[in-house]
Each structure stands twice: as C-alpha cells, then as structure tokens.
Amino acid sequence: MDTREKINGKTRVCGLMGYPVAHTLSPIIHNTLAEKMNLNMVYVPFPVAPEQVNHAIAGAYALDLLGLNVTVPHKSAVIAGLKEMDELAAKIGAVNTLVRVPGGYKGYNTDMTGLYRALLSEQIQIREKQIILLGAGGAARAVAFMCAYYGARKVYLLNRTLDKAQRVAEEVNSALSVDCIVPMRMEDYKNLPEEKYLAIQGTSVGLYPNVEDAVIRDMAFYERIHTGYDLIYKPAKTMFMKYVEQAGGIACNGLKMLLYQGIDAFELWNQCKVPEEIAMEIYQRLEKETRIHE
Ligand code: NAP
C-alpha cells in the first residue's frame, strides 16, 4: 500500500533538515522502516536555509514533530537551539539527530554510533587497532571521535591541509582525554610505522561523478592496508576500494554507515529495536537505489 494511504490523524512526523536536501536517501530508510516496523510515522525532507535554523527547530516543536535528522551545513549550528545534549554529541560538537523531549529537542550524533555499528556488521574491530584515517572534514572528525572513543591504539589522521588535521586531533584527544590521534600531512604516509592497518577513507575524493580519483594512488600505501573502509557509497566501489582489493585487502563502502545512522535515529525516536533482518532489507533497497542513480 502507498504510505500516503496510511496517513491519518495519529501519524507522527519526522524529517531531515539540511540545505540542500533534495538528493537524500533518508526518506527511503525511515519510511520503509516505519512500514516494516508497523509504526504510524512518516519522514519528509525540509530544506532549511542557514539563517532559519533556530526558527525551524522552534517550529518543529510547535508542530509536534517527533524528531529530525540534521545534515550539512547545520550539524553544529543546531546545537544552540536545543534543550538538551547527549554527552557524546556534546563532546563531538556535532549533532545529526534531534529527539523530542519536554520543552524542546535533545541532540545526538548517530553518524558516530552508526559507523561503529556498520563496522561491527562487517566484523571490523576498533579496540587496540592501528588505524589510518584519511581526511579531517566533518565526517572524518566524527570517525576520529569514534575510533578514540572505542579504544583504538593509534589513529594516524592524514589530511591535505595539516592544520585542519592538527585541530581535529587536539579536539578529540582533549575531549576524550587520550593521545591516540596523530595528525600528519597526506603525503607523509610514507613515514607511517611499518604495520598493517585498517584505513578509513573520509575525504570527498572519489565521490561520484569523479569516480576515477583516489586521494593516494601509490600501491606501496595500499600494501599496508588489511581492510579499507570508504565513507563514500556512490560509486559502490570507489578507486580507493579497488586499490585496497588489488593489494590483497578487504574493502567496504559507506552505505552501511548511512543505514545504521538512520536506524539509530529511528530507534531513538520510536524507542524500539530494529531487527537485523529488517536492517538488511533496507540495505538492499538502498543498494538498488544507489545503483539506479549511478
Ligand atoms: P568535508 O567536510 O567537505 O571534508 C572534505 C575532506 O576531503 C577534507 O579532509 C578535505 O581536505 C578532503 N579533500 C577534498 N578534496 C581533496 C583533494 N582534492 N585532495 C585531498 N583531500 C581533499 O566533507 P565531509 O562532510 O567530511 O564528507 C567527506 C566524505 O564522506 C564525502 O564524500 C561524503 O559523501 C562522505 N560521507 C558519508 C557518510 C555516510 O553515511 N556514509 C556520511 C557523511 C559523509 P582539506 O581539509 O585539505 O580541504
């Protein structure tokens, strides 16, 4: 049955607030989840210009919205308009999920918890591991927090712009009272200690339509990688992933991160637990959808 036919006087509304939001896959995740979990909820995109962020949060509360996801460029800007903050999201300084509480919304970061769940589902461990993280933008910052929070031994944070890597390393190390994040210039990968690494690709290099690009092209780098996780999921197999596989490693794309950040948000809004079989059904729908648009 069409979702719209099920909307009635008791339907709860959630949505995505960002700018722009037209290309989002989140409505597929949440509307399919609502249907499979038999919950009376719909999820819609809300394009919100930067100067409207606080009005949008107040308006959402007044309209009784159950919750919101937040995407680029509002992940930090929303914090000022929230009633409460989850402790970890406060440390990260970025919020992608708002959950309705009395008097306003509480901010969470399910990008981080979702990535951790995605890695677990691929049998990728973080605790005590030596990790290379490529990139120091918004997504890589959440990855750096995730790695430090879940007990990575060392995270070599490589970025084209060194001072951004230094800033992220300082923020994460000091927020979590650790010293595991080591900032480096991208080209200094040659100076990494001789080890086998998990490498997480968090730059935007290789993202559709620039599918032939990779941030490092030297095979000597890929020979040190046992597992490569690219946050990009479009294309489904990035150049980074191809190089990892050519060098004999295992490679995954970021589609499960997208899936589980959505599932974590859905579970917070609806106080439920999504069974793995349903998670995998949604994953297959997302895979199909990303293939259609490639
Ligand atoms: P961002 O804040 O704009 O950061 C971009 C990063 O890429 C920076 O580290 C930047 O380095 C680096 N970069 C860009 N062009 C480069 C080049 N030509 N050479 C070397 N480095 C370059 O972006 P973001 O929000 O962190 O997103 C990064 C990627 O993660 C995107 O591809 C996005 O699609 C993906 N992502 C996936 C998920 C998921 O659910 N799977 C969620 C969020 C993001 P500089 O600092 O030197 O500029």
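Biologist: How do helix α2 (residues 26-36) and α10 pack?

Modeller: They pack at an angle of about 45°, with axes 10 Å apart. Axes are lines fitted to C-alpha atoms over the stretch in contact, and angles run from 0 to 180 degrees between N-to-C directions. This is a predicted model: local features need pLDDT of at least 70, side-chain atom pairs need 80 or more, and totals for chains, interfaces and linings use all residues. Residues are numbered from 1 along each chain, and side-chain values use heavy atoms, without hydrogens and water.

Biologist: Why are α2 and α10 called oblique?

Modeller: Under 35 degrees counts as roughly parallel, over 145 as roughly antiparallel, 65 to 115 as roughly perpendicular, and the rest as oblique. The angle is about 45°. Therefore α2 and α10 are oblique to each other. Their crossing is right-handed, the near helix being turned clockwise from the far one by less than a right angle.

Biologist: Which backbone lies 2.9 Å from a nitrogen atom of the ligand?

Modeller: That of L231, through an N or O atom.

Biologist: Which helices each supply at least two residues of the ligand shell?

Modeller: α6 (138-149) and α10 (255-270). Helices are DSSP runs of H or I, at least four residues, numbered from the N terminus.

Technical notes: A polar contact is a pair of N or O atoms within 3.5 Å; within protein, one must be able to donate a hydrogen and the other to accept it, and residues adjacent in sequence count only if both atoms are side-chain atoms.
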